[in-house]
Amino acid sequence: MDWKLLGYSISSLSVLALGTAAWPGNDGFWWHVHVLIFGMVTSVIGMGCRYVSHRIDRRKIEEAAH
């Protein structure tokens with residue numbers, strides 16, 4: 001699995017969700033809080049995927065060095 005691609009895709013989705021929730025004139029919509037929470041959660045998941053990718057890359061570098 002390409003963890004970087006997955007992480008960046010999920011983070012991009014979260015940016016779109018957070019941008020939708022923050023767009024001017026969206027106050028009072030019932031879905032505002034739901035989209036905001038979705039954006040926050042997907043942002044954290046995207047960061048987690050990129051962290052997994054970083055750990056895999058570091059392990060490969062260490063294996064190659066030995």
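**Side chains, one by one**

Biologist: Where is Ser-53 placed, and is Ser-53 buried or exposed?
Modeller: Keep in mind that this is a predicted model. Ser-53 has its place in helix α2. The cut-off for buried is under 20% relative accessible area, and Ser-53 comes in at 6%, so Ser-53 counts as buried.

Biologist: Leaving aside neighbours within four places in sequence, which residues is Ser-53 in contact with?
Modeller: Ser-53 sits in helix α2. With those sequence neighbours set aside, the contacts of Ser-53 are Trp-3 and Lys-4.

Biologist: Which residue does Lys-4 meet in a salt bridge?
Modeller: Side chains of opposite charge can pair when their charged atoms come close. The salt-bridge count here is one. At 3.0 Å, N to O, the partner of Lys-4 is Asp-57.

Biologist: How many residues apart in sequence are the parts that this pair ties together?
Modeller: The salt bridge joins the side chains of Asp-57 and Lys-4. Asp-57 belongs to helix α2 and Lys-4 to helix α1 (residues 3-22), so the separation in sequence is 53 residues.

Biologist: Is Asp-57 buried or partly exposed?
Modeller: Buried would need under 20% relative accessible area. Asp-57 has 28%, so call Asp-57 partly exposed.

Biologist: What lies over the face of Tyr-8?
Modeller: A search of the whole structure for aromatic pairs finds zero. What sits over the Tyr-8 face, 4.9 Å from the ring centre, is Arg-50.

Biologist: What is the area of the nonpolar surface patch that includes Ile-45?
Modeller: Ile-45 lies in helix α2 (residues 32-65) and is partly exposed at 43% relative accessible area. Together with Val-33, Ile-37 and Val-41, Ile-45 makes a nonpolar surface patch of about 340 Å².

Conventions. Residues numbered from 1 in each chain as written. Predicted model: local features only at pLDDT ≥ 70, side-chain atom pairs only at ≥ 80, totals over all residues. Heavy atoms only, no water. Patch = residues over 30% accessible without salt bridge, like charges linked within 9 Å, V, L, I, M, F, W, Y side chains within 5 Å. Areas by Shrake-Rupley, 256 points an atom, 1.4 Å probe, with all protein chains shown as cover. Salt bridge = Lys/Arg side-chain N within 4 Å of Asp/Glu carboxyl O. Helix = DSSP H or I, 4+ residues; strand = E, 2+ residues; numbered from the N terminus. Buried < 20%, exposed > 50% of the residue type's maximum accessible area, 1.4 Å probe, protein only. Phe/Tyr/Trp six-rings, centres within 6.5 Å; stacked < 30°, edge-to-face > 60°. Lys NZ or Arg CZ within 6 Å of the ring centre and 35° of its normal. Contact = heavy atoms within 4.5 Å.
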